[in-house]
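Thank you all for coming; I would like to walk you slowly through one structure today.

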Amino acid sequence: MTALPGPLWLIGCGNMGGAMLERWIADGVDPRAITVVTRSPREVPAGVTHGTAIPQDGPPAVVVLAIKPQQLDQVAPDLAPHIAGVPLLISILAGVEEAALARRFDAATVVRAMPNLPVAIGEGVVALHSHGEDRAARDTAAALMAPLGLVEWIDDAALFDAVTALSGCGPGFVFRFIDALAAAGAALGLPADQAQRLAIATVQGSATMAAGSDVSPATLADRVASPGGSTRQGLNVLDEGDALKQLLSATLAASERRNAEIAAAARG
């Protein structure tokens, strides 16, 4: 995407907001069209306007909320009057539902977005949901997210907490798996730094292979595991009683519950 429908305000610019901003600029978005608002000064890409107060010349064409969910009611009273009537409001606030945003902000179209950490390298996942039917607004939201990685629209708002648990929180779980894989290698006698390099490269290569395959990851696992071989012996441990699936089901369920708690708090 190289053009916006008008000025964009990025409210909050932490790790995720900053990563999104860098990717937009790298993709050709005119930095002069973007204003970043944060509570304290910070560096922004050349050409981007930065301020610590809400601009007085609103509303812009697009507002992206990238603050922490618990900061919503601190920011909303000051921000809302300046963005009344904004054509498109995109929120990346985990757990904060569309209705909760609509109560606080007068926006023509509200889109929830859930990016994950690898958007910083353009290899992320961004889930989108909106009850809005304005095709142009939805297209703008999708185009803004396209440089960040895979973009998926979620039809059922009730599933957004599950998506957040899977792809939003997922990188943390994958990082933990890599760390555990490396630690297990080190426990077998490998130098810790070498085990870590091998674990990272193994996961990276396997994910790339799975992404390009025409069969499921489950099928790939079976293909690499010869009967009676060492891979099969290891898989037997993971598969016994669906141990790995049970562990990850419990992990995602815990994250989903927390998203639901955040949503309840935002409803008031």
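This is a predicted model: local features need pLDDT of at least 70, side-chain atom pairs count only at pLDDT 80 or more; totals for chains, interfaces and linings use all residues.

Let me begin with a unit in which strand E5, helix H3 (residues 98-104) and strand E6 together make a right-handed β-α-β unit, where right-handed says that, with the strands pointing away from the viewer, the path from the first strand over the helix to the second runs clockwise. The names of helices (H or I, at least four residues) and strands (E, at least two) stand for DSSP runs, numbered from the N terminus.

Residues are numbered from 1 along each chain as its sequence is written, and side-chain values use heavy atoms, with hydrogens and water left out.

Now, what does E6 pair with on each side? Strand E5 (residues 86-91) and E6 run parallel and are joined by five bridges, and Val86 has Ala107 in E6 as its bridge partner. Strand E7 (residues 124-129), by contrast, runs antiparallel to E6, with four bridges between the two; here Met114 stands opposite Ala127 of E7, and Ala113 stands opposite Leu128 of E7. As background for those of you new to this, strands of a sheet pair through backbone hydrogen bonds, either parallel or antiparallel.

Is E6 enclosed or open to the outside? Eight of the nine residues of E6 (residues 107-115) are buried, so the strand is largely enclosed by the rest of the structure. Buried means under 20% relative accessible area, exposed means over 50%, and partly exposed lies in between (1.4 Å probe, protein chains only).

Stepping back to the sheet, eight strands form an open sheet of mixed pairing in the order E3-E2-E1-E4-E5-E6-E7-E8, where two strands count as paired if DSSP finds at least two bridges between them. At the edges are strand E3 (49-51) and strand E8 (149-153), each of which pairs on one side only. From one strand to the next the twist averages 20°.

**Salt bridges**

How many salt bridges does a search of the whole structure find? The search finds seven, a salt bridge being a side-chain nitrogen of Lys or Arg within 4 Å of a carboxyl oxygen of Asp or Glu. One of them joins the side chains of Glu97 and Arg267 at 2.8 Å, N to O. This pair links distant parts of the chain, since Glu97 lies in the loop between E5 and H3 while Arg267 lies in helix H10, 170 residues apart. Glu97 counts as partly exposed, at 24% relative accessibility, and Arg267 is partly exposed too, at 43%.

Another salt bridge brings together the side chains of Arg197 and Asp193, at 3.6 Å, N to O. These two residues are separated by about one helical turn, because Arg197 and Asp193 are four residues apart in helix H7 (residues 192-212).

A further salt bridge, between Arg32 and Asp30, has an N to O distance of 3.0 Å. Arg32 is exposed, with a relative accessible area of 67%, whereas Asp30 counts as partly exposed at 30%.

Definitions and conventions. Axes are lines fitted to C-alpha atoms, for helices over the stretch in contact, and angles run from 0 to 180 degrees between N-to-C directions.
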